[in-house]
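Please find below a note on the model under review.

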Amino acid sequence: MAFQKAVKGTILVGGGALATVLGLSQFAHYKRKQVNLAFVEAADYVSEPVNREPPSREAQILTLKNTSEFDVLVIGGGATGSGCALDAVTRGLKTALVERDDFSSGTSSRSTKLIHGGVRYLQKAIMKLDIEQYRMVKEALHERANLLEIAPHLSAPLPIMLPIYKWWQLPYYWVGIKLYDLVAGSNCLKSSYVLSKSRALEHFPMLQKDKLVGAIVYYDGQHNDARMNLAIALTAARYGAATANYMEVMSLLKKTDPETGKERVSGARCKDVLTGEEFDVRAKCVINATGPFTDTVRKMDDKDAAAICQPSAGVHIVMPGYYSPESMGLLDPATSDGRVIFFLPWQKMTIAGTTDTPTDVTHHPIPSEEDINFILNEVRNYLSCDVEVRRGDVLAAWSGIRPLVTDPKSADTQSISRNHVVDISESGLITIAGGKWTTYRSMAEDTINAAVKTHNLKAGPSRTVGLFLQGGKDWSPTLYIRLVQDYGLESEVAQHLAATYGDKAFEVAKMASVTGKRWPIVGVRLVSEFPYIEAEVRYGIKEYACTAVDMISRRTRLAFLNVQAAEEALPRIVELMARELSWGDSKKEEELETARKFLYYEMGYKSRSEQLTDHSEISLLPSDIDRYKKRFHKFDADQKGFITIVDVQRVLESISVQMDENTLHEILNEVDLNKNGQVELNEFLQLMSAVQKGRVSGSRLAILMKTAEENLDRRVPIPVDRSCGGL
């Protein structure tokens, strides 16, 4: 079995002689010209896409069925698999890609959202004199620059602050970060710099200021990971690849090689998950790019194949945007157990993570309460005591499974780098495993190089450096202004569409519904606090969305930003999809149920809802209990011991507040723990106890009752009599 490491990168010392001759500044300029030339050459070699728009899923399935033999069949629609399909098809190879779920449904949508070289990997490379780690960082920094260039609408540089609390750490980390800049060379986004304590607090006012010495700021890239993955897959489809999601590989096909007499992999038996139909897809070369499920496909080829992947779970949480500045991230380089935690602004929210724990492979990873609390505790260490870090502020949480390549003897996943390997089995199955999001393109290039060589395919070199992904070519930072002016969209919605679809945003805008208001003219929102609009649901179906889960998690990112908002938007999303896809009532109910389960288990809703249960303790001072009882009895005027929608409506009417019955029902249902249609005094006290402890935040009933009480108190007549009966 051929087992080859495929990690590229140029050693810094290799350019030493040239740097000496030209001088460092000229050398940097020379390298920059080289990179620019590479972009131009790659773009010039590739012809225009064969399809203006990606063909429909039905058309793609027909192509899979009717093509006698593909050159390349890729199994897996994550970043690496989609990258392999794009690399192959742009070389002129007849390419197919199948994915058992949705594009980016696995690890590729559950990342830290960073495009980075890996500061900690560079640290390991220097401390351990590990040339392989160094090459990986060098390669990743080149790929970072390329990804920012080819998908400018989905990615951008992000400054990340490294707070320093000990004087000796300042020169130590400064040298490390400057080396990071140096290794990036001409691909350096912006030069790192040092901040004084006062300047650091200006940039990051919620930072813990006690013992703060200063900070170092460096730059990496950030992106919308699921949308980036989708852009890669859609670009491959536009260039002619037959791509299909919800297409599961049931088994590998084999045939005997007439020259050697050995069995060779020759395709796969595929099943359309949505219809149950099965058929064969034949190919000269089959590529296994299934991430954490790498060994599952390898065992289809050879049941005795040794495992080469060790899965590791990484949990992330999303908190309100006020936890971090809008354009500055934070890096905790050494947590209490030696991990690294990022604390980053993303989509106007704050993302924190990640953990790194050995795990079993599953299609439905669930974030644990232990991991969520670990991240919260680490965040508390770095934020000012004025900022109360509350468990109730976790709006979403998820777990992603990293497919780390490991030595079977290693017991600690934290010490394993994410280098990628290309494995070629005796029967010709090519497996790409390991690696990281940032290096998906170079991983794909190495994989297709191996495929061309092993299977004698007729193809030239890779052409994906500098090749714009869907939406990137004609995007500009001011594109959203045209959307506002030409279509009458809200500025926030227009900015969101431009940053999500790039130059394809105009197509979404054309599908937008009229609001019936003076402004905005078009663009009905799915949920009030997020800029997602109904037209995105209709457009998402053109992007191969087949389920409600696809829509709330990967076409829009609602599930990753706020699980409650996603649940509120679900009925409307299902209704819109039903019209487009001709779903009946039973199918609509099935979609709603599946999506709610997804939110409940995989996106942290379960952990969030468990912060308030009918077993929750009431830990309140006697004075607090008396105060909350008085508030409760202002609604429970009849002293029944519980309140209903009628009680709340009566109080709201007395202070001239109108609220529709459905909304009131939702508000009470959040606190009605035993689901009997009413909120008992004990349930209300459990709620207020959870609010005080920070386990629950943003409770609509708690805020509504407090506000109503304050309004009622202001309405009490003020006595005008003098005390003691005086005049």
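Which element gives the largest share of the lining of the largest cavity?

1. Helix H9 does, with four residues. H9 spans 225-238, and H14 (491-501) likewise gives two or more residues to this lining. Helices (H or I, at least four residues) and strands (E, at least two) are DSSP runs numbered from the N terminus.

2. This is a predicted model, in which local features need pLDDT of at least 70 and side-chain atom pairs count only at pLDDT 80 or more, while totals for chains, interfaces and linings use all residues. Residues are numbered from 1 along each chain as its sequence is written, and side-chain values use heavy atoms, with hydrogens and water left out.

3. Six cavities of 30 Å³ or more are found in the whole structure (a cavity is a set of points on a 1 Å grid over the protein atoms alone where a 1.4 Å probe fits but cannot get out; lining residues have an atom within 4 Å of a point). The largest holds about 70 Å³, the volume being the space filled by probe spheres set on the points.

4. Among the residues lining the largest cavity are His153, Arg227, Gln470, Tyr501 and Glu543. Because domain 1 (57-109 + 227-306 + 407-455) and domain 3 (478-611) both give residues to the lining, the largest cavity lies between them. Domain bounds come from an automatic or database assignment.

5. An unreviewed UniProt entry annotates EF-hand domains at residues 623-658 and 659-694; such annotations may be inferred rather than shown by experiment. Residues 623-658 are 64% helix and 6% strand, with end C-alpha atoms 32 Å apart. For residues 659-694, the values are 61% helix, 6% strand and 27 Å.

Methods: On a 1 Å grid over the protein atoms alone, a cavity is a set of points where a 1.4 Å probe fits but cannot get out, and a pocket is an open set with protein on both sides within 12 Å along at least five of seven lines; lining residues have an atom within 4 Å of a point.
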